Amino acid sequence: MATAQAVLLLVRAAVTIRFRAMTTPAFGCVPNCFEDHSPTMDLELALDARQASGKENKRLRRRGIVPGVVFGKGAPSVPVQVDAKAFDTLYRAAGRTSIVKIKVDGKGAAKSAIIKEIQRNPLSGRAVHVDFFLVNLTQEMQADVPLNFAGTAPAVEMENGTLMTPLDHLKVKALPGEMPNEIMVDISTLVDMDAAIHVRDLVVDEKVTILNEPDELLARVLPPRVEEEPEVAAEEAPADEAEAAEGAPETEESSDESPREQ
């Protein structure tokens, strides 16, 4: 019995630690408004304060470290650095819309941020600088959310059409904690050339607002190109004329030679 009570107490303690009560007020921003008081997430990243600047940042990159900066509305800009491999791993999961809990030098409470911008080497594709933007969890934000076109369009396979997707992302407004990582677009509804998918056809969470125009086209199947066969008669006509032209001198030459034979 004592053992069972001990286990129960441990479970209760774990639940209490994992699900902390929200202490940020519903409106406004207090000095700790960037601190993460939401349930614990797996998207965490440890940052180090950065002293290097300018050309010294090249040395960091050679060591596998990415320089960056943490900033936010009403918050001072803080130069930071992060392990390149750790950042790449996190970015694959978080993208540029999910909340990431960050700590600088392991001090203070974790702060909520999004990956605002990444500068990459044009040749290697490696990150050379990253911006972390601190977000207020109680205020809506806008972000470009990528579109994920899923499924198979029957019109492409059955009618040999070409899938056209004019947009690759949408402008979305939501609270930071409600911002989607991507928006799925099911293209299996494109059964023929007349079918199309517009912004108004998307179904998203009621807490998410798409700012694009409802009539904007997202996907459609174009008919296959029909290559016109060359007009054989039109191409052969000049050849006939050339043969006629070549025959004329021969006829004239024969007429010239006829008086001589006489």
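**Close-up views of a predicted model**

**View A. Leu170 and its surroundings.** Leaving out neighbours within four places in sequence, Leu170 is in contact (heavy atoms within 4.5 Å) with Ala143, Asp144, Val145, Leu147, Ile183, Val199, Leu202, Ile210, Asn212 and Leu218. This is a predicted model: local features need pLDDT of at least 70, side-chain atom pairs count only at pLDDT 80 or more, and totals for chains, interfaces and linings use all residues. Residues are numbered from 1 along each chain as its sequence is written, and side-chain values use heavy atoms, with hydrogens and water left out.

**View B. The largest nonpolar core.** A nonpolar core is a set of buried Ala, Val, Leu, Ile, Met, Phe, Trp, Tyr and Cys residues joined through side-chain atoms within 4.5 Å. Buried means under 20% relative accessible area, exposed over 50%, partly exposed in between (1.4 Å probe, protein chains only). The largest such core holds 28 residues. Leu170, Val172, Ile183 and Leu190 have the most contacts inside it. At least two residues each come from strand 7 (141–150), strand 9 (169–174), strand 10 (183–186) and strand 13. Strand 7 gives the most, four residues. Another core lies apart from this one; it has 21 residues, among them Ala75, Val82, Ala84 and Ala127.

**View C. The open sheet 8-13-11.** Helices (H or I, at least four residues) and strands (E, at least two) are DSSP runs, numbered from the N terminus. Two strands pair if DSSP finds at least two bridges between them. Here three strands form an open sheet in the order 8-13-11, with antiparallel pairing. Strand 8 and strand 11 are the edge strands, each pairing on one side only. The twist averages 10° from one strand to the next; axes are lines fitted to C-alpha atoms, for helices over the stretch in contact, and angles run from 0 to 180 degrees between N-to-C directions.

**View D. Bridge partners in strand 13.** Strand 8 (residues 162–164) joins strand 13 (residues 217–222) through three bridges. Leu163 has Val221 as its bridge partner. Met164 has Arg220. Strand 11 (residues 196–198) also pairs with strand 13 over three bridges. There, His198 is partnered by Leu217.

**View E. Ser98 in its loop.** Ser98 lies between helix 3 (84–94) and strand 4 (100–104). Ser98 is buried, because its relative accessible area is 14%. Its side chain reaches the backbone oxygen of Ala94 at 3.2 Å. Not counting residues up to four places away in sequence, Ser98 touches Leu43, Ala113, Ile114 and Asn181.

Key. A polar contact is a pair of N or O atoms within 3.5 Å; within protein, one must be able to donate a hydrogen and the other to accept it, and residues adjacent in sequence count only if both atoms are side-chain atoms.
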